[in-house]
Amino acid sequence: MKKKIEALTTISILTGLLSAIVGILSFDASHSYEVLNQYGKTITLWGAGIYAHDSYFKAPILIGTDITMFFVLIFLAFHLVKYRHSNSQKSLLLLTGLLSVQLYYSFSQGFGVVYNPLHLIYIASFGSSFFGSICCLIQLHSQQLAEKQAWNPNTRGVRLLLFIAGLSLFAAWLPDILSSLLSGQSLEQIDIYTTEITYVIDMSVVSPFIFIVLYLLRKEEPQAYIYLPLTLILCTAVGLMVILQTGIMLLAGIELPMIALLTKVISFILLSAFSLNYSFRYFKHLSC
């Protein structure tokens, strides 16, 4: 199983780095052009690089995500080397957490980006990270992790963080959907897309998963010692993504409403900071 994990993770890293680098090199805001979308609205497309046919609003978000993932994947490669040498539960758990971030990224690329020449790369990246994550989870032993963890994560602070994190995903995206339904219009930033993949993943998978982890933690179930650090790592990475996405959007000349900065950007950054703090605590006190 270890060789399978190493092979799948290597494929995931290489394909992820390829898509990230090509995406980063697509930053050029001077080639935008306007088209009429399927909803009868005139919208602006990015016009450059691999995201040439993505919207001018979405492309900087994708590029900001690519920059984030470049560093995450380098970190993942480093820990893959450590896992090869140590083969410990601690190294495997950290590897699984980073691979879950890559899974989130590759899923978003495969389903959320306008069809482009990297489509096969997106497919390979998603498939390898998906099956790699499954193989990692099979090899993790929750009881052993619980016994070797000197720090009790079942604290009021961790539980509050999970509750806010799970709730914030609905608070961030649900108002946009409800506003669209009440007005009978498409989503405000739907542009040329048929759906917003981030809304789908966050509200149908990530948020419910966070509440499941909260439940397991409150019941002091051993499985919480696997899923909690995975959640903390993902929340940390999302906060970093939001920072870089916002920066690239500002560089592209996109004006962000103050209410969006307060409710979506700053809140995710704060959640990321607390998640990073608890991640350090968790792995610092894990001895297996």
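Helices H2 and H8 sit oblique to each other in this predicted model. Their axes come within 8 Å and cross at roughly 130 degrees, with H2 covering residues 58-86 and H8 covering residues 224-251. As for handedness, H2 goes past H8 in a right-handed crossing.

Who does the touching here? On the H2 side, the contact is made by Pro 60, Ile 61, Ile 63, Gly 64, Thr 65, Ile 67, Thr 68 and Met 69, and H8 answers with Ala 237, Leu 240, Met 241, Leu 244, Gln 245, Ile 248 and Met 249. Sort the residues of this contact by type and you get 11 nonpolar, four polar and no charged.

Now for another helix pair, H1 with H3. H1 runs over residues 2-24, and its axis comes within 11 Å of the axis of H3, the two crossing at roughly 40 degrees. H1 and H3 are therefore oblique to each other, and their crossing is left-handed. From H1, Ile 5, Thr 9, Ser 12, Gly 16, Ser 19 and Ala 20 meet a set from H3 made up of Leu 92, Leu 95, Leu 99, Gln 102 and Tyr 105. By type, the residues of the H1 contact with H3 split into six nonpolar, five polar and no charged.

| Helix pair | Axes come within | Crossing angle |
|---|---|---|
| H2 and H8 | 8 Å | roughly 130 degrees |
| H1 and H3 | 11 Å | roughly 40 degrees |

Staying with H3, which spans residues 89-112, have a look at Ser 100, which lies in this helix. Is Ser 100 buried or exposed? Ser 100 has a relative accessible area of 19%, so this serine is buried, because the cut-off for buried is under 20%. Leaving aside residues up to four places away in sequence, Ser 100 touches Ser 133 and Leu 230.

On to the strands. S1 (residues 33-36) pairs with S2 in the antiparallel sense, over four bridges. Together S1 and S2 make a hairpin with five residues between them, and Gly 40 in the turn has a positive phi of about 80 degrees. Across the pairing, Val 35 stands opposite Ile 43 in S2.

Key:
Residues numbered from 1 in each chain as written. Predicted model: local features only at pLDDT ≥ 70, side-chain atom pairs only at ≥ 80, totals over all residues. Heavy atoms only, no water. Axes fitted to C-alpha atoms, helices over the stretch in contact; angles between N-to-C directions. Parallel < 35°, antiparallel > 145°, perpendicular 65-115°, else oblique. Left-handed = near helix turned anticlockwise from the far one by under 90°. Contact = heavy atoms within 4.5 Å. Nonpolar A, V, L, I, M, F, W, Y, C, P; charged D, E, K, R; others polar. Pairing = 2+ DSSP bridges. Buried < 20%, exposed > 50% of the residue type's maximum accessible area, 1.4 Å probe, protein only.
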